[in-house]
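Please read it with the sequence and the coordinates side by side.

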Amino acid sequence: MDHDVKMLQELCQCAQWGQNDLRAAMKKADDPAMRQALSSQLREYEAIHRQAQRLLADRGCDEKKISPLLLTLSRMDAGRKMAGDSPAIAKWMTEHHARILPQNRDTLPLDPKVSTLSNRLLQTEQETIGQMRPFLS
């Protein structure tokens, strides 16, 4: 499998995890500012996911979807750990968004479009964490 396809499949999965986490957090968030930040982040993850899917399709490949059972279990875990208050949600989001970045993104020779999308996801992850920091206190 070529490096671009492997990275695009990782990007799709990272975007799926991100969307899953954000939807779980949005169900628990009462703070309007937090809900707005989460909604904005969700739109960005959806856009990254669509772009990764298109780039995979251009290469004649499909994405590897995350098991719906794993996504459901993750949402259930999130529901238990996010007490509905902004600090708990922000803590959970910052911890989980640090873990979903694609592996080996700097060691593979990538097509410029794939590299740009990978960098966009990295920037989005950093923005997600940054936007949650004010809610930690």
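## Terms and confidence

A residue counts as buried under 20% relative accessible area, as exposed over 50%, and as partly exposed in between. The model discussed here is a predicted one, and its protein chain has a mean pLDDT of 85, with 88% of the residues reaching 70 or more.

Where pLDDT is low, predicted coordinates should not be read in detail.

## Overall fold

The protein chain contains 5 helices and 0 strands, and its elements follow one another along the sequence as α-α-α-α-α. Of the 137 residues in the chain, 46% are buried.

## Packing of α1 against α5

Two packed helices are described by the angle between their axes and by the distance between those axes. Helix α1, residues 3-28, and helix α5, residues 112-132, pack at an angle of about 25°, and their axes are 10 Å apart. Because angles under 35 degrees count as roughly parallel, α1 and α5 are therefore described as roughly parallel to each other. Their crossing is left-handed.

On the α1 side, the contact involves Asp-4, Met-7, Leu-8, Leu-11 and Cys-14, which meet Val-114, Leu-117, Ser-118 and Leu-121 of α5. By class, this contact of α1 with α5 has 7 nonpolar residues, 1 polar residue and 1 charged residue.

## Packing of α2 against α5

Helix α5 also packs against α2, where the two axes come within 11 Å and cross at roughly 165°. Since angles over 145 degrees count as roughly antiparallel, α2 and α5 are therefore roughly antiparallel to each other, and the crossing of α2 and α5 is again left-handed.

The residues that α2 brings to this contact include Met-34, Ala-37, Leu-38, Tyr-45, Ile-48 and Leu-55, and those from α5 include Lys-113, Leu-117, Arg-120, Leu-121, Thr-124 and Met-132. By class, the contact of α2 with α5 has 11 nonpolar, 5 polar and 5 charged residues. Leu-117 and Leu-121 of α5 are listed in the contact with α1 and also in the contact with α2.

## Two positions in detail

Val-5 has its place in helix α1. With a relative accessible area of 7%, Val-5 is buried, because this value falls under 20%. Leaving aside neighbours within four places in sequence, Val-5 is in contact with Leu-56, Arg-59 and Cys-61; of these, Cys-61 is 56 residues away from Val-5 in sequence, while the C-alpha atoms of Val-5 and Cys-61 are 7.5 Å apart in space.

Asp-31 lies in the loop between α1 and α2. Its relative accessibility of 28% is between 20% and 50%, and Asp-31 therefore counts as partly exposed. Beyond its neighbours within four places in sequence, Asp-31 is in contact with Ser-86 and Phe-135. The C-alpha atoms of Asp-31 and Asp-85 are separated by 8.2 Å, although Asp-31 and Asp-85 are 54 residues apart along the chain.

Conventions
Residues are numbered from 1 along each chain as its sequence is written. This is a predicted model: local features need pLDDT of at least 70, side-chain atom pairs count only at pLDDT 80 or more; totals for chains, interfaces and linings use all residues. Side-chain values use heavy atoms; hydrogens and water are left out. Axes are lines fitted to C-alpha atoms, for helices over the stretch in contact, and angles run from 0 to 180 degrees between N-to-C directions. Helices (H or I, at least four residues) and strands (E, at least two) are DSSP runs, numbered from the N terminus. Angles under 35 degrees count as roughly parallel, over 145 as roughly antiparallel, 65 to 115 as roughly perpendicular and the rest as oblique. A crossing is left-handed if the near helix is turned anticlockwise from the far one by less than a right angle, and right-handed if clockwise. Contact means heavy atoms within 4.5 Å. Ala, Val, Leu, Ile, Met, Phe, Trp, Tyr, Cys and Pro count as nonpolar, Asp, Glu, Lys and Arg as charged, and the others, Gly among them, as polar. pLDDT is the predictor's confidence in each residue, from 0 to 100. Buried means under 20% relative accessible area, exposed over 50%, partly exposed in between (1.4 Å probe, protein chains only).
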